[in-house]
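Subject: Structure handover

Hello,

Here is the structure we talked about. Please open it before you read on; my notes follow below.

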Amino acid sequence: PMACTIKYFTPHGTTVRDLKAWVKQQEEHRGRPIDALLVDYADKLTDSLSGDKPKERNTYQSMSLVYEALRNYAVEKDIVVWTASQARRGDDKRGRARKLGLDSVADSIEKVRLADLVLTINHDDDDAGEDEVAFNIAKHRTGKGRRVIGPLPADFSCGQIAPVMRDFPSVEEYQKKATSQEAKDTLTAMDAAAALKNSGGGAP
């Protein structure tokens, strides 16, 4: 059976090297390699060059080293490494919140330059309602980026993003209407959400 192990690490005192050592220990204990590593979240890691004075490091350079180490580890082990990052909210000239993109990342732009896939979650997007979120595929190194999936209904009280208590058309009905790219993108999002619902889970 598949297993998920959760481990707490000290914020701003943990390096990628520490994560690698823990993963190796877990693999030896379980007798099998891991399939994915989720880091919540990489901005709280520190690079191995900071030594005993992490506050004196350059944040831009430090985050570049951290994210590069995580990506190298993913390539080395041929696994998925997934993490979140802080964003800075940007407004347009009229003061309206704009869709989060690659330039919305906080601290170091190197984080998104190194990533293979970058998704942004937009709660107050023009296309999303009060209880909806829209996913912006800001970057996809091996696929199509710069497109929006959604909006999808969200229940933030339990961390779910799925069709809940909505009168969505059936997949068959929607396929007949899926002539535009926007409709096809929404259909893909509906399929993913339906799969989560059928499995009894949800997307955090």
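Start with arginine 146, which sits in the loop between strand S4 (132-140) and S5. Helices here are DSSP runs of H or I with at least four residues, strands are DSSP runs of E with at least two, and both are numbered from the N terminus. Phi of arginine 146 is positive, near 55 degrees, and the residue is not a glycine. Its relative accessibility is 78%, so arginine 146 counts as exposed. The cut-offs are these: buried is under 20% relative accessible area, exposed is over 50%, and partly exposed is in between, with a 1.4 Å probe and protein chains only.

A word on the source. This is a predicted model, in which local features need pLDDT of at least 70 and side-chain atom pairs count only at pLDDT 80 or more, while totals for chains, interfaces and linings use all residues. Residues are numbered from 1 along each chain as its sequence is written, and side-chain values use heavy atoms, with hydrogens and water left out.

**Overall**

The protein has five helices and six strands. Along the sequence the pattern reads α-β-α-β-α-β-β-β-β-α-α. Of its 204 residues, 33% are buried. Take the contacts (heavy atoms within 4.5 Å). Among those with a separation of 6 or more, 46% are between residues 24 or more positions apart.

**Helix H1 (16-30)**

The expected span is 1.5 Å times one less than the number of residues. Val16, Leu19, Trp22, Val23, Gln26 and Glu27 are buried in H1. Down the helix axis these buried residues fall within an arc of 140 degrees, so they line one face of H1. That arc is taken from the directions from the helix axis to the C-beta atoms. An α-helix has 3.6 residues a turn, so residues three or four places apart point the same way. Facing away from the buried side of H1 are the exposed residues Arg17, Lys24, Glu28 and His29. Strand S1 (36-39) and H2 are among the elements that cover the buried residues of H1. Glycine 31 follows H1, with a positive phi near 75 degrees.

**Helix H2 (59-77)**

H2 has 19 residues and reaches 27 Å from first C-alpha to last, close to the 27 Å expected. Its buried residues include Ser62, Met63, Val66, Tyr67, Leu70 and Tyr73. The cover over the buried residues of H2 includes H1, S1, S2 and helix H3 (110-114).

Which residue follows H2? Aspartate 78 does, with a positive phi near 55 degrees. Aspartate 78 is not a glycine. It lies in the loop between H2 and strand S2 (80-83). At 69% relative accessibility, aspartate 78 counts as exposed. Its C-alpha is 9.9 Å from that of isoleucine 34, 44 residues apart along the chain.

**Other backbone and loop points**

Most residues other than glycine have a negative phi, and most peptide bonds are trans. Aspartate 40 and tyrosine 41 are joined by a cis peptide bond, with omega about -10 degrees. Tyrosine 41 is in the loop between S1 and H2.

Phenylalanine 156 is in the loop between strand S5 (147-155) and strand S6 (160-161). Its relative accessibility is 52%, so phenylalanine 156 counts as exposed. Leaving out residues up to four places away in sequence, phenylalanine 156 touches His123 and Val133.

**Second largest pocket**

The second largest pocket holds about 230 Å³ of space. It is lined by 14 residues, and Val16, Arg17, Ser48, Leu65 and Ala69 are the closest to its centre. H1 and H2 are the elements that give two or more residues to this lining. H2 gives the largest share, six residues. By class the lining has six nonpolar, four polar and four charged residues.

The terms: on a 1 Å grid over the protein atoms alone, a pocket is an open set of points where a 1.4 Å probe fits, with protein on both sides within 12 Å along at least five of seven lines, and lining residues have an atom within 4 Å of a point. Points are joined across faces, edges and corners, and the volume is the space filled by probe spheres set on them. Nonpolar covers Ala, Val, Leu, Ile, Met, Phe, Trp, Tyr, Cys and Pro; charged covers Asp, Glu, Lys and Arg; the others, Gly among them, are polar.

Best wishes
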